[in-house]
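Dear colleague,

Please find below the structure that I am handing over to you.

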Amino acid sequence: MAQIEIVQTMKLHLHTDKAAAALFLEAARTYAAACNVVSQYVFDHEFTTGITVLHKELYRQIREQFGLKSQMAQSTFRTVAARYKTVETQLEAKPRRY
């Protein structure tokens with residue numbers, strides 16, 4: 001028997017003070033900068049999107065350079081790999097379009 005997966009989406013509004021909002025914005029910018037470093041590595045190394053390879057090559061650098069905790073550093077690899085795989089899928093479907 002096939003398993004049925006149910007996904008629920010929840011919208012949240014976070015009400016914080018300005019200091020907490022500024023910290024969140026700083027964290028988001030740091031995460032984006034780390035993703036850009038990982039993306040540049042993928043681009044420069046023949047579009048290597050294996051998370052294990054990215055971890056081996058970049059984990060310490062991302063942690064030290066950006067001060068990210070372990071889960072956030074790991075998440076950069078998954079995020080970048082997923083984005084490149086999405087582009088790859090789109091190009092396979094419509095190779096003449098960007």
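A patch is built from residues with over 30% relative accessible area and no salt bridge, where like charges are joined within 9 Å and nonpolar side chains (Val, Leu, Ile, Met, Phe, Trp, Tyr) within 5 Å. A salt bridge is a side-chain nitrogen of Lys or Arg within 4 Å of a carboxyl oxygen of Asp or Glu. Areas follow the Shrake-Rupley method with a 1.4 Å probe, and for residues only the protein chains shown count as cover.

The model is predicted: local features need pLDDT of at least 70 and side-chain atom pairs pLDDT 80 or more, whereas totals for chains, interfaces and linings use all residues. Residues are numbered from 1 along each chain as its sequence is written, and side-chain values use heavy atoms, without hydrogens and water.

Met10, Leu12 and Leu14 make a nonpolar surface patch of about 410 Å². Leu12 belongs to the segment before helix H1 (18–44); helices are DSSP runs (H or I, at least four residues), numbered from the N terminus. Leu12 counts as exposed because its relative accessibility is 62% (buried is under 20%, exposed over 50%, partly exposed in between).

Thr76, in helix H3 (residues 70–93), is buried at 0%. Leaving aside residues up to four places away in sequence, Thr76 touches Tyr31, Ala34, Cys35, Val38, Ile62 and Leu68 (heavy atoms within 4.5 Å).

Phe43, Phe47 and Tyr84 form one aromatic cluster; rings of Phe, Tyr and Trp (its six-membered ring) pair if their centres lie within 6.5 Å, with planes under 30 degrees apart stacked, over 60 edge-to-face and the rest tilted. Phe47 is partly exposed, at 46% relative accessibility.

Yours sincerely

Key: Helices (H or I, at least four residues) and strands (E, at least two) are DSSP runs, numbered from the N terminus. Buried means under 20% relative accessible area, exposed over 50%, partly exposed in between (1.4 Å probe, protein chains only).
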